[in-house]
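Me: I have a predicted model here. Take me through the reasoning behind its labels.

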Amino acid sequence: MLRVLFLAFAIALPALPAWKAGAAKRNITPSEPIWMSGYASRDKPSEGVYAPIYAKALALKDNSGGLSVMVTADLVGFTRSVSDPIFAEAKKRYGLLRAQLVLNASHTHSGPVTGQLGRPTYRLDAKEAAVVERYTKRLIEDVVAVIGEAIDNLEPAEMAFEQGYAGFAVNRRRVGHREYPGPVDHDVPTMTLRAPGGELKALVFGYSCHATVMNQFEIHGDYPAFAQAELEKRYPGAVALFLNGCGADQNPLPRRKMELTRMYGEILAEAASQVLAGKMAPVAGPLSAAYKEVEVDFQPAPARAELERRVREGNAAEKSNAQLLLEELESTGKLPNKYEYPTRVWRLGDNLTIVFLAGEVVVDYALQIRKKYGWDDVWVSGYNDDVFAYIPTERIIAEGGYEGTRRCWATAGPRPGSRRSRSGF
């Protein structure tokens, strides 16, 4: 009799949510004029703030107690000079391993220079460099703090996932080369976290496209930030996070008007909203996280004589890059021939996998990975942890052009002079 009553009581109990989720955000808008990152043509610091920029965090804990945190930020990118201290402090304070914490940047070209991201693109004087140093210190503190706030906000939640579409991304390699292939990824992957009563706590949405509508000297987060603001307006109390995709060769076109920035943000927000209004697939736990650094080979390094020639005769980017390589030779006696490339995979139950890749990843990688592992339940993200260089494919390297060769002169990162890789499909 007791067994029957126990079984009846157990059946009557509602199923516990598979997740606990917590979200938080912090304003990371610079408080003083600062050099802006993204466009090599910039020649002076910022001249005001058009709209605030934010760092946001989403903490996820499954029923087994496993904790992982996703951070998104209105920045052109994280480099190791910024991300390594964040990872170290997050491990110290919250016990998070590298597999359990991801740092994603929207790649806005209207955000501040941070850490070493300005080298070798810009040559800042001592006063300007001090501004970047102050901001970077504060940024690291703010990101570590917002991670803790998201963890503190953990509450039972239900997760769901589906994808929508938005069509403003254009493969920019076809501009001037209409004979080139023009792969794009117009999907808008969208994840929701709701309280057991249905209240939306957080949503994560993605898109594969440069955040380069504007190129003026005012701080803002470009179209991804406007999309987030619009979604938070539509869903009061929810935190909207933009998880950047593989948009290294994708541009929003047309561009260079602020009304277009807002329009693309509203289009992206509407695409995510339509996903929320439709049927979404529940996502159960657990969350399995894996992290690995893959060795990526560089092209052969230039000889010292060639570097000295570039310092004398090259354009601004070539001179700056060559000077940094010569400094590396002087300090270490050699140039690196490979790079430890961060990769991370989160597997959420049986119906969602998120692949996090570092660097500026061209769209081919997202398409190839999803073709192999699943169009409907695989989400591929670029611009994670360390934006140190473009990640082209063999096809793009053979074609040449900005993403395959020229942009590498201006590459910034913890190892000066990173050159194009031989990795790819």
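Me: What is the strand order in the open sheet of 4 strands?
Reply: The order is E14-E15-E16-E18, with mixed pairing. Neighbouring strands are turned by 15 degrees against each other on average, direction ignored.

Me: What makes a strand of this sheet an edge strand?
Reply: An edge strand pairs on one side only. Strand E14 (287–297) and strand E18 (378–381) do just that, and they are the edge strands.

Me: How do you know that E14 and E15 pair?
Reply: Pairing takes at least two bridges between the strands. E14 and strand E15 (residues 338–348) have 11 bridges, in the antiparallel sense. Therefore they count as a pair. Within it, Ala290 stands opposite Val345 in E15.

Me: Which helix lies across E14 and E15?
Reply: Helix H2 (residues 80–94) does, running at about 50 degrees to E15. Helix H8 (residues 363–373) also packs on the sheet, touching strand E16 (352–357) and E18. The direction of H8 makes about 160 degrees with that of E18.

Me: How many helices and strands are in the chain?
Reply: The chain has 9 helices and 19 strands.

Me: Why is the chain called as compact as a globular protein of that length?
Reply: Its radius of gyration is 22 Å, and the globule rule gives 22 Å for 425 residues. The two values are close, so the label holds.

Me: What share of the residues count as buried?
Reply: Of the 425 residues, 57% do. The cut-off is under 20% relative accessible area.

Definitions and conventions
Residues are numbered from 1 along each chain as its sequence is written. This is a predicted model: local features need pLDDT of at least 70, side-chain atom pairs count only at pLDDT 80 or more; totals for chains, interfaces and linings use all residues. Side-chain values use heavy atoms; hydrogens and water are left out. Helices (H or I, at least four residues) and strands (E, at least two) are DSSP runs, numbered from the N terminus. Axes are lines fitted to C-alpha atoms, for helices over the stretch in contact, and angles run from 0 to 180 degrees between N-to-C directions. Contact means heavy atoms within 4.5 Å. The radius of gyration is taken over C-alpha atoms; the globule rule is 2.2 Å times the number of residues to the power 0.38. Buried means under 20% relative accessible area, exposed over 50%, partly exposed in between (1.4 Å probe, protein chains only).
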